[in-house]
Amino acid sequence: MFADRILSGMRPTGSLHLGHYHGVLKNWITMQHEYECLFFVADWHALTTHYDAPEIIEQSVWDMVIDWLASGVDPARATLFIQSKVPEHAELHLLLSMITPLGWLERVPTYKDQQEKLTSKDLTTYGFLGYPLLMSADILAYRSTLVPVGEDQIPHLEFTREIARRFNHMYGREPGFAEKAELAVKKLGSKKARLYKELRNRFQEQGDDEALESAKALLDEQQSLNLGDRERLFGYLEGGGKMILSEPQAMLTVASKMPGLDGQKMSKSYNNTIALREDEASVAKKIRTMPTDPARIRRTDPGDPAKCPVWALHQVYSNDQTKQSVVQGCTSAGIGCIECKQPVIDAVLSEQRPMRERAQLYLDDPALVRNIIADGNEKARKLAGETMRDVREAMGLSYA
Ligand code: TRP
Ligand code: SF4
């Protein structure tokens, strides 16, 4: 039906806020009309950093699914499931770990970055190091063709593509390929053969792209090779065989610029969020007490919207007319800050109203949510099972 299959996951590490809605969920909701979509609760991913707080994960899983549904993620269009209910992810992670060079994992930028940033946690764990590979397994298990990612996750996607390539090279080959390739290596003569092997190892074990380029250049210079051997040696560098796992494409999504209550990006760690389904009184109070242009001390002082976090929210929520009257009223001290905040309060509340209503349905009848997820788990297992059959067979694990 759809040409592309999209997979995306979210970690259950706390309740969702409007930043998630504007940054991720609105995108999911658009995509569910255009692609085959699989959206999952990445509970194992959450454990890679929150292994000491299982209660947070347990609480967040169902709340998060309700937040998705409340936002308009439609279970009739997208498959919603929980990662740990599809053990194929873990099996594929394990099998891929056999062929994953440690260096590739150590070089994923988030590995060192997060360890340096999250100093309150010991992230020198096997699970944390392996997190990008678990993400690869998530993606490859469904032969996903498109994965929406922010800038920071591009390296994970590139890593996933390399893993898929390596797997296909290793297990997708014609019978006797390796022997034939080794014979072709010998024909290079001992000096060049040694160089070829060294470069090939550097690429395959450390992902050294320069080594790959040098090896290709070396082969380009060999006039005396016959065509078959030439092809083999090129193929042997990277592999070159049957495609068992497919390489996904990254679909770059623009990072959410959703401002929080203090003007910084909305984020739980800045304590500046409005929850997706926060109750009305609390939303109104949070916005009413938001800081404004610090130079505007008295009502009669003119202000500068550029220095005011409320203005950042107007950018998200207000039409041109409202924005104009804010600029006009603020810079001339014609309006007070409370007055200026009211349209933002109204807009946030009316954005949230349908969400709260939809959520109520599921809160009143939790079995509804459980059934949606049970269905999704089953569908996901079926799809992942198809891939796993091929993977097991390729790795010599398909005994009768
Ligand atoms: N990496 C994302 C995160 O940690 C979630 C995630 C896990 C994901 N597996 C994925 C996203 C696969 C897209 C595809 O927040
Ligand atoms: Fe900010 Fe509005 Fe007050 Fe100006 S009038 S300082 S934009 S809240």
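Arg143 lies in the loop between α8 (131-141) and β4 (146-149); helices (H or I, at least four residues) and strands (E, at least two) are DSSP runs, numbered from the N terminus. The model is predicted, and local features need pLDDT of at least 70, side-chain atom pairs count only at pLDDT 80 or more, while totals for chains, interfaces and linings use all residues. Residues are numbered from 1 along each chain as its sequence is written, chains are lettered from A and ligands numbered from 1 in the order in which they are written, and side-chain values use heavy atoms, with hydrogens and water left out.

Ala333 is found in the loop between α16 and α17. The table sets out both residues; buried means under 20% relative accessible area, exposed over 50%, and partly exposed in between (1.4 Å probe, protein chains only).

The helices α16 (320-331) and α17 (337-364) each supply at least two residues of the shell around ligand 2. Surrounding ligand 2 are Thr292, Asp293, Arg296, Cys308, Val310, Val326, Cys330, Cys337 and Cys340, each with a heavy atom within 4 Å of the ligand. By class, this shell has six nonpolar, one polar and two charged residues. Here Ala, Val, Leu, Ile, Met, Phe, Trp, Tyr, Cys and Pro count as nonpolar, Asp, Glu, Lys and Arg as charged, and the others, Gly among them, as polar.

The largest nonpolar core has 40 residues, and those with the most contacts inside it are Phe81, Leu92, Leu96, Tyr142, Phe167 and Val391. Such a core is a set of buried Ala, Val, Leu, Ile, Met, Phe, Trp, Tyr and Cys residues joined through side-chain atoms within 4.5 Å. Elements that each supply at least two residues of this core include β2 (36-41), α4, α9 (154-171) and α18 (366-394). The most comes from α8, with seven residues.

Leaving aside its neighbours within four places in sequence, Leu96 is in contact (heavy atoms within 4.5 Å) with Leu133, Ala137, Leu140, Ile163, Phe167 and Leu245. Apart from this core lies another, of 33 residues, among them Val61, Ala70, Ala78 and Ile373.

Ala90 has its place in helix α4 (residues 88-97). Ala90 counts as partly exposed, at 33% relative accessibility. Ala90 and His20 are 70 residues apart in sequence and 27 Å apart in space, C-alpha to C-alpha.
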